[in-house]
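Open the model in your viewer and keep the sequence panel in view. The stops below go from the whole chain to a single residue.

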Amino acid sequence: MIEQALDEINRGCAEIIDNERIEKLLKAYYDEGKTYTVKAGFDPTAPDLHLGHTVLLQKLAAFQKYGGRVQFLIGSFTAMIGDPTGKSATRKVLTQDDIVKNIASYTTQAFKILDESKTDIVYNNEWLDKLGAAGMLQLASNLTVARMLERDDFSKRFASQTPIAVSEFMYPLLQGYDSVHLQSDIEIGGTDQKFNLLMGRQLQKAYEIKKQQAVLMMPILEGLDGVQKMSKSLGNYIGVTDTANDMFGKILSISDDLMWRYYELLSTKTLDVIAQMKTSVEDGSLHPKKVKEDLALEITERFHSREEANAAKEEFDKVHAKSQIPTDIAEFSCEGDIWIAKALQECNIEPSTSQARRDIKQGGVKINQEKVTDEKLQLTQGEYLLQVGKRKFAKLKVN
RNA sequence: GGUGAGAUAGUCAAGUGGCCAACGACGGCAGACUGUAAAUCUGCUCCCUAUGGGUUCGGAGGUUCGACUCCUCCUCUCACCA
């Protein structure tokens with residue numbers, strides 16, 4: 001029993017600190033039914049979760065199966081500072097209003113994966129507000145500047161002459177203090193959180209709460225480009241609230257290498273099954289596209305439904321395999337004749353008339369499936385199907 | 001507070017009086033090839049109904065026929081000193 005639980009918990013992890021502790025907690029659960037707490041912090045800076053976040057959520061869900069109670073920590077206080085992790089610049093500070101709004105949509109999305117009955121949502125401003133200047137100072141005395149500067153992201157920013165606000169130094173301390181207050185048994189986070197996560201252990205020791213949290217780190221999920229981490233600001237993400245069509249299409253557009261990574265971190269298939277598929281692909285008995293489709297279906301189904309996932313697949317085949325036009329196309333209309341470049345811009349499929357002309361020149365623009373060659377073309381009364389490249393479509397009605 | 005260095009398009013980074021809408025790299029877009037994969041090859045990459053015009057090189061002024069380039073002030077960053 002414990003073996004199986006441990007296997008599932010260890011799956012895909014980048015690093016675990018104090019695995020013995022996790023084993024003990026599991027043992028206590030199986031022997032005495034004792035539950036334990038698993039903390040994970042979320043920054044309510046953006047209202048949408050993407051698949052990168054779900055890697056963590058899935059791991060939390062795994063803990064919930066084996067006696068873990070999740071402390072879903074909303075960084076309502078720390079969001080005012082902004083986590084310096086991986087940032088090349090000081091983050092903009094959020095207002096309380098923004099935060100409240102973000103949290104609402106955040107938690108609904110999270111409960112698509114987490115078991116709500118085994119989750120406690122906590123806000124760190126509840127105790128951090130009360131910490132006060134004296135408490136802050138006491139907290140800060142636990143950390144030296146030299147140690148702070150050891151942090152890779154800080155030293156890099158320092159080296160590249162990017163500003164670092166002093167308040168950002170406080171971030172790891174506050175995050176660590178959360179673990180003191182919550183008396184967390186385990187904390188999980190991305191590998192980029194290592195410093196912050198370890199701070200929790202150090203502070204729990206310093207504040208003598210008689211336990212030190214185990215730390216479990218998940219790899220960072222790469223975005224669609226396969227290089228940089230998935231993030232909204234880089235635009236390389238698959239959002240939990242993306243439509244089934246988008247989700248399916250985005251997953252199919254990732255590279256084959258990245259696909260295996262996604263399988264490992266996002267799929268519920270066992271590692272054995274995944275390894276087997278990989279072998280079959282390598283010896284040519286299984287087409288990688290098929291494997292990718294299965295992944296796309298699995299994930300789309302998780303956030304939508306089986307029917308919608310299948311419909312998304314059909315739509316995709318229709319548009320791309322058979323190069324027919326998509327079902328839903330944004331429609332626009334205008335009064336009087338219009339210049340083609342202007343029309344493309346008006347329909348939001350080209351950013352400017354300059355760009356439109358360039359694309360026409362390069363043969364990237366089609367009207368009613370026919371390539372446009374004349375960049376001065378005027379559209380007269382009628383209905384047109386405009387297309388730029390392979391994926392941008394719009395319908396335009398000229399009156 | 002003092003001294004010195006720096007701020008250039010999405011990012012990095014050349015350019016130090018006209019040849020500059022600004023080298024190059026990355027990214028991005030389009031085309032070819034494909035499985036809307038990767039790799040590769042080609043073209044494009046500020047805006048404007050365009051062989052031309054307009055607005056750009058942290059901000060505001062100034063010198064000059066002409067400024068990203070020189071001067072003054074301001075804002076921000078970094079380093080060293082205190």
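The tour starts with the conditions of the model, then moves to what to select.

This is a predicted model, in which local features need pLDDT of at least 70 and side-chain atom pairs count only at pLDDT 80 or more, while totals for chains, interfaces and linings use all residues. Residues are numbered from 1 along each chain as its sequence is written, chains are lettered from A and ligands numbered from 1 in the order in which they are written, and side-chain values use heavy atoms, with hydrogens and water left out.

**Select chain A.** Its C-alpha atoms fill a box of roughly 80 × 50 × 40 Å along the principal axes. Colour by secondary structure: there are 16 helices and 13 strands (DSSP runs, H or I of at least four residues for helices and E of at least two for strands, numbered from the N terminus). Of the 399 residues, 47% are buried, meaning under 20% relative accessible area with a 1.4 Å probe and protein chains only.

**Select α1 (2–10) and α2 (19–32).** Each of these helices supplies at least two residues of a negative patch. Which residues gather in this patch of negative charge on the surface? They are Glu3, Asp7, Glu20 and Glu23.

**Select Asp7.** Asp7 sits in helix α1. Is Asp7 buried or exposed? Asp7 is exposed, because its relative accessible area is 56% and exposed means over 50%.

Notes
Patches are made of residues with over 30% relative accessible area and no salt bridge: like charges are joined within 9 Å, nonpolar side chains (Val, Leu, Ile, Met, Phe, Trp, Tyr) within 5 Å. Accessible areas come from the Shrake-Rupley method with a 1.4 Å probe; for residues, only the protein chains shown count as cover. A salt bridge is a side-chain nitrogen of Lys or Arg within 4 Å of a carboxyl oxygen of Asp or Glu. Lys and Arg count as positive and Asp and Glu as negative; His and the chain ends are not counted. The place of a charge is taken as NZ of Lys, CZ of Arg, CG of Asp or CD of Glu.
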